[in-house]
Amino acid sequence: MLIISKGYKERVNKFFDGRIIEIQATTFEDLINSINILAEYGNRRKVKESIDYISGLKDEYVEKANS
């Protein structure tokens, strides 16, 4: 299995024949979606904690931006 940044799968696919997982982390939603993609390989509790933490950070940033 290989985890790469989104947009490189076609290039890497030429040289790697295993499972390729593309992730991105440009926005909070991207990061949460990437964690969900990788969740099957992680600890359920830690995945939930990470998503809760990132969601909390997102809420803080939105609140600060609206102030």
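This is a predicted model: local features need pLDDT of at least 70, side-chain atom pairs count only at pLDDT 80 or more; totals for chains, interfaces and linings use all residues.
Let me start with Tyr61, which is exposed at a relative accessible area of 54%, where exposed means over 50%, buried means under 20% and partly exposed covers what lies in between, with a 1.4 Å probe and protein chains only. Residues are numbered from 1 along each chain as its sequence is written, and side-chain values use heavy atoms, with hydrogens and water left out.

What does Tyr61 pair with? A search of the whole structure finds one aromatic pair, and in this pair the rings of Phe28 and Tyr61 have their centres 5.5 Å apart and their planes at 50°, so the pair is tilted. For the cut-offs, rings of Phe, Tyr and Trp (the six-membered ring for Trp) pair if their centres lie within 6.5 Å, and planes under 30 degrees apart count as stacked, over 60 as edge-to-face and the rest as tilted. Phe28 sits in helix H2 and Tyr61 in helix H3, residues 44-66, so the pair ties together parts that are 33 residues apart in sequence. Phe28 itself is partly exposed, with a relative accessible area of 26%.

Now to the overall arrangement. The protein has three helices and two strands, and by definition helices are DSSP runs of H or I with at least four residues, strands are runs of E with at least two, and both are numbered from the N terminus. Along the sequence the pattern is β-α-β-α-α. The radius of gyration is 15 Å, well over the 11 Å that the globule rule gives for 67 residues, so the protein is more spread out than a compact globule; here the radius is taken over C-alpha atoms, and the rule is 2.2 Å times the number of residues to the power 0.38. Along the principal axes, the C-alpha trace spans about 50 × 25 × 10 Å.

Buried residues make up 15% of the 67 residues. Among contacts between residues at least 6 apart in sequence, 13% join residues at least 24 apart, a contact being heavy atoms within 4.5 Å. The protein exposes about 5,500 Å², of which carbon and sulfur atoms supply 51%, with areas from the Shrake-Rupley method and a 1.4 Å probe. As for charge, the mean positions of the 11 positive and 11 negative charges are 5 Å apart; Lys and Arg count as positive, Asp and Glu as negative, and His and the chain ends are not counted, while the place of each charge is NZ of Lys, CZ of Arg, CG of Asp or CD of Glu.

Let me turn to helix H2. Which residues of H2 are buried? They are Asp30, Ile32, Ser34 and Ile35, and what covers the buried residues of H2 includes strand E2, residues 20-23, together with H3. Ile32, in helix H2, counts as buried at 10% relative accessibility, and, leaving aside neighbours within four places in sequence, Ile32 is in contact with Ile51, Ile54 and Ser55.

Not counting residues up to four places away in sequence, Leu31 touches Gln24, Ala25 and Ile54, and the C-alpha atoms of Leu31 and Ile54, 23 residues apart along the chain, are separated by 8.0 Å.

Further along H2 we find Ile37, partly exposed at 38% relative accessibility, which touches Ile21 and Glu22 when residues up to four places away in sequence are not counted. The C-alpha atoms of Ile37 and Lys9, 28 residues apart along the chain, are separated by 15 Å.

Finally, back in helix H3, there is Glu60. Buried or exposed, or something in between? At 44% relative accessibility, Glu60 counts as partly exposed, and the C-alpha atoms of Glu60 and Glu40, 20 residues apart along the chain, are separated by 28 Å.
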